[in-house]
Amino acid sequence: MDRWDGGNDYDLFMGRWSRLIADEFVRELGAREGLRWLDVGCGTGALLDAALAAAGPSAAHGVDPSHEFVQACRDRLGSDAKIRVADGDQLPFDKASFDLVVSGLVLNFIPDPLAAIREWRRVTEPGGLISLYVWDYAGGMEFLRYFWDVAADLDPAAHALDEGVRFPICQPEPLADLFTEAGLSNVTTGAVEVATPFLSFGDYWAPFLRGQGPAPSYVSSLAPPQQEQLKSRLKDVIPTLRNGAVQLTARAWTATGVA
């Protein structure tokens with residue numbers, strides 16, 4: 001159900017919020033200028049773009065397993081970053097190649113998160129930072145939380161597809177435990193939150209029809225009558241302002257450790 005292979009569709013569904021979270025993450029990270037950055041699971045380039053704009057890296061590299069996302073990231077960043085296809089737990093870099101390894105909204109999709117963090121530690125200079133963020137699927141990612149709560153009420157089988165159920169690692173304590181087990185020190189966790197405004201319920205619903213990610217993939221698996229039932233029920237429960245706009249928020253949990 002986790003289809004991530006279309007840059008434009010991803011940006012419509014999740015990328016626009018990923019960019020906002022990336023900006024906040026980079027600001028709060030407060031990394032000094034001149035560092036060598038690696039973004040694992042760079043997607044369409046939101047996090048690297050934020051780093052290039054605000055943190056002045058001396059080198060910016062990104063990897064992603066999706067050829068389509070890698071091309072979208074290259075198109076976005078041009079010669080400012082070096083982007084290649086690679087899995088997050090098998091990095092094509094020498095030991096201690098980077099001062100800072102970051103990752104945004106990716107860790108829970110990697111089959112072996114512990115192996116991945118250890119691999120990130122391998123390519124990080126001793127004393128360098130590893131820092132990531134993941135959505136708070138269980139509570140603070142409101143536009144998905146409303147979706148899955150309604151979907152599971154209509155179809156109990158949808159409960160097992162809910163990222164809040166599937167990804168218990170996306171909480172501060174499990175993230176901290178993972179970083180510690182991977183051999184990182186001075187581990188800290190935190191949160192970043194952004195507004196996720198929609199012009200209307202139609203603006204909210206449209207990205208769910210594009211097939212990118214677990215929730216849209218679930219919608220695409222439904223017959224038209226079931227899709228319409230889900231849409232109608234969501235419209236009843238989503239809080240809407242008098243002008244028809246929908247004002248929600250999205251929270252991501254962060255974790256940072258020293259290699």
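# A first tour of this predicted chain

The chain carries 22 positive and 35 negative side chains, and the centres of these two sets lie 3 Å apart. Keep in mind as you look around that this is a predicted model. Its secondary structure comes to ten helices and seven strands, and buried residues make up 51% of the 259 residues. Let's start with the whole chain and then visit some of its parts.

**The chain as a whole**

- A compact globule of 259 residues would have a radius of gyration near 18 Å, and the chain agrees with this because its own value is 18 Å.
- If you follow the C-alpha trace along its principal axes, you find that it spans about 55 × 35 × 30 Å.
- Take the contacts between residues at least 6 apart in sequence: 75% of them join residues at least 24 apart.
- The chain exposes about 11,300 Å², and carbon and sulfur atoms supply 48% of that area.

**Helix α3, with a buried face**

- Helix α3 covers residues 67-77, and its buried residues are Phe 69, Val 70, Cys 73 and Leu 77.
- Looking down the axis of α3, you would see these buried residues fall within an arc of 100 degrees, so they line one face of the helix.
- Just after α3 comes Gly 78, which takes a positive phi of about 60 degrees.

- Asp 112 is found in the loop between β4 and α4, and its relative accessibility of 39% makes it partly exposed.
- Asp 112 and Gly 88 are 24 residues apart along the chain, and their C-alpha atoms are separated by 9.6 Å.
- Helix α9 (residues 214-221) has six of its eight residues buried, so it is largely enclosed by the rest of the structure.
- The buried residues in α9 are Pro 214, Ala 215, Pro 216, Ser 217, Tyr 218 and Val 219.

- Thr 44 is found in the loop between β1 and α2, and with 4% relative accessibility it counts as buried.
- Thr 44 and Asp 64 are 20 residues apart in sequence, while in space their C-alpha atoms are 9.1 Å apart.
- Ala 46 lies in helix α2. Is Ala 46 buried or exposed? At 12% relative accessibility, Ala 46 counts as buried.
- Leaving aside neighbours within four places in sequence, Ala 46 is in contact with Ser 18, Arg 19, Ala 22 and Arg 76.
- Between Ala 46 and Trp 17 there are 29 residues of separation in sequence, and 9.5 Å in space from C-alpha to C-alpha.
- Leu 52 also lies in α2, which spans residues 46-54, and at 27% relative accessibility Leu 52 counts as partly exposed.
- Not counting residues up to four places away in sequence, Leu 52 touches Pro 57, Ala 60, Leu 77 and Asp 80. Leu 77 is one of the buried residues of α3.
- Leu 52 and Asp 80 are 28 residues apart in sequence, and their C-alpha atoms are 7.8 Å apart in space.

**Backbone angles to look out for**

- As background, most residues other than glycine have a negative phi.
- Ala 96 is not a glycine, yet it has a positive phi of about 55 degrees. You can find Ala 96 in the loop between β3 (82-85) and β4.
- Asn 186 is not a glycine either, and it has a positive phi of about 50 degrees.
- Where does Asn 186 lie? Asn 186 is in strand β6, which covers residues 185-198.
- With a relative accessible area of 64%, Asn 186 is exposed.

Methods:
Residues are numbered from 1 along each chain as its sequence is written. This is a predicted model: local features need pLDDT of at least 70, side-chain atom pairs count only at pLDDT 80 or more; totals for chains, interfaces and linings use all residues. Side-chain values use heavy atoms; hydrogens and water are left out. Helices (H or I, at least four residues) and strands (E, at least two) are DSSP runs, numbered from the N terminus. The radius of gyration is taken over C-alpha atoms; the globule rule is 2.2 Å times the number of residues to the power 0.38. Buried means under 20% relative accessible area, exposed over 50%, partly exposed in between (1.4 Å probe, protein chains only). Contact means heavy atoms within 4.5 Å. Accessible areas come from the Shrake-Rupley method with a 1.4 Å probe; for residues, only the protein chains shown count as cover. Lys and Arg count as positive and Asp and Glu as negative; His and the chain ends are not counted. The place of a charge is taken as NZ of Lys, CZ of Arg, CG of Asp or CD of Glu. The arc is that of the directions from the helix axis to the C-beta atoms.
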